[in-house]
Amino acid sequence: MSKEEEEREKVTVEAASEIVVVNGSGGGGEEEGVAAAWEEGVRALHARVEAEWGPVMQSACQTAAARALWGRAVRDPAAGVLAGERFLAALRERMRRDEEAGAREVHGVMIAVRTLWFDARVEAAVARLGGAAQVVLLGAGMDARAYRLSCLKECTVFELDFPELLEMKSDLLHEAMSSANNQKLTMMAKSLTRVPADIRDGDWITKLQSYGYVPERNTIWVLEGILYYLHHVHAMQVLETIVACRTSVHTVLLADFMNKNAVSLSRAMYHFYHDSPDLLLPSIGFSQVTLSQIGDPQAHFGLLSHPQNLFDKLRRLPRSVETNPEDGTPCCRLYLVEASAFPDDQTTKQDI
């Protein structure tokens with residue numbers, strides 16, 4: 001079997017539950033030895049992540065860590081093994097400090113709500129497109145939707161990311177198969193293909209097609225936690241490449257955007273921003289743009305119950321307000337955006 005065929009093959013893997021990853025707990029005797037050997041293998045893989053990966057690629061494990069800590073809400077049993085103990089411990093400490101500061105839900109709940117929003121919108125889009133759409137995860141990182149979402153049972157799923165990240169992800173999942181204590185995680189999608197490519201390169205869409213993506217089929221594009229890591233020119237190229245696929249099919253875009261103030265939180269990490277993505281996207285050919293903020297009815301999921309919740313306070317402020325009138329701090333916003341593009345859309349592109 002060729003390497004490409006192996007990449008495309010449907011697989012069933014064993015993924016660790018969070019309790020095994022975090023606490024190393026398990027049975028006794030032979031089973032305990034198997035679990036210990038598995039944990040050592042996973043730690044060795046994550047040691048490579050810490051030694052060889054930069055902060056942008058490590059953020060994939062940090063996202064998985066947040067999902068593992070909010071696993072009951074997100075229902076992602078693969079998140080623990082894909083995150084690693086170091087990232088879980090670091091995020092747990094950040095959340096502890098936030099709680100002491102009276103802002104308990106800032107970090108963890110953002111990932112949980114964002115994940116649940118994308119899950120819900122993917123499910124709705126699949127239903128709207130008839131159930132057999134292509135789903136492309138750009139900058140897929142440690143995403144495990146192909147194993148988690150039953151709505152993908154008739155869908156062809158593509159995960160596109162850096163070659164070394166996808167290789168590490170595959171190694172982590174296969175390493176988990178050796179543990180007798182892990183819960184079984186079965187592929188939900190009809191098929192899963194991992195595509196090693198860099199979306200900053202202009203030929204990423206050609207690479208995607210060489211792995212089986214069909215431009216003439218309805219497609220859902222998922223860009224969760226990726227656009228703001230790109231420079232402006234690359235982010236716009238990605239968006240324009242996606243909307244160009246509308247020539248013969250229905251295209252759905254699911255993405256999150258940061259505004260200018262949010263990007264300023266880490267100039268080294270974040271680059272692309274837009275204060276009004278609902279104006280940007282129609283200017284390049286998208287239509288039916290829906291914009292939400294965490295805390296809105298469609299982006300709440302019953303997780304925003306803390307009386308000092310900052311997301312609820314922020315979303316009540318007009319988007320034109322750049323600083324909080326109460327304390328003068330910048331209004332750092334994350335926008336959850338769904339947009340569509342149809343073959344007959346005649347929107348004229350404008351300079352932004």
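Which residue in E7 is the bridge partner of Leu-223? In this predicted model, in which residues are numbered from 1 along each chain as its sequence is written, local features need pLDDT of at least 70, side-chain atom pairs count only at pLDDT 80 or more, and totals for chains, interfaces and linings use all residues. Side-chain values use heavy atoms, with hydrogens and water left out.

The bridge partner of Leu-223 in E7 is Ala-255. Strand E6 (residues 219-223) pairs with strand E7 (residues 251-258) in the parallel sense over 5 bridges. Helices (H or I, at least four residues) and strands (E, at least two) are DSSP runs numbered from the N terminus, and two strands pair if DSSP finds at least two bridges between them. An open sheet of 7 strands, with mixed pairing, has the order E5-E3-E2-E6-E7-E9-E8. Its edge strands, E5 (191-196) and E8 (287-293), each pair on one side only. On average, neighbouring strands of this sheet are turned by 15° against each other, direction ignored. Axes are lines fitted to C-alpha atoms, for helices over the stretch in contact, and angles run from 0 to 180 degrees between N-to-C directions.

Helix H12 (residues 232-244) lies across strands E2 (134-138), E6, E7 and E9 (334-341), running at about 165° to E7. Helix H14 (residues 277-284) also packs on the sheet, where it touches E7, E8 and E9; contact means heavy atoms within 4.5 Å. The direction of H14 makes about 160° with that of E8.

The 15 residues of helix H4 (residues 55-69) should span 21 Å at 1.5 Å a residue, which agrees with the 20 Å between its end C-alpha atoms. The expected span is 1.5 Å times one less than the number of residues. Buried residues of H4 include Met-57, Cys-61 and Arg-67; buried means under 20% relative accessible area, exposed over 50%, and partly exposed in between (1.4 Å probe, protein chains only).

The structure holds 0 disulfides, a disulfide being a pair of cysteine sulfur atoms within 2.5 Å. For Cys-151, the nearest cysteine sulfur is that of Cys-155, 6.5 Å away. Cys-151 is buried, with a relative accessible area of 18%, and Cys-245 counts as buried at 10%.

Most residues other than glycine have a negative phi. Arg-75, in the loop between helices H5 (71-74) and H6 (79-83), has a positive phi near 55° and is exposed at 53% relative accessible area. Phe-301, in the loop between E8 and helix H15 (310-315), has a positive phi near 60° and counts as partly exposed at 36% relative accessibility.
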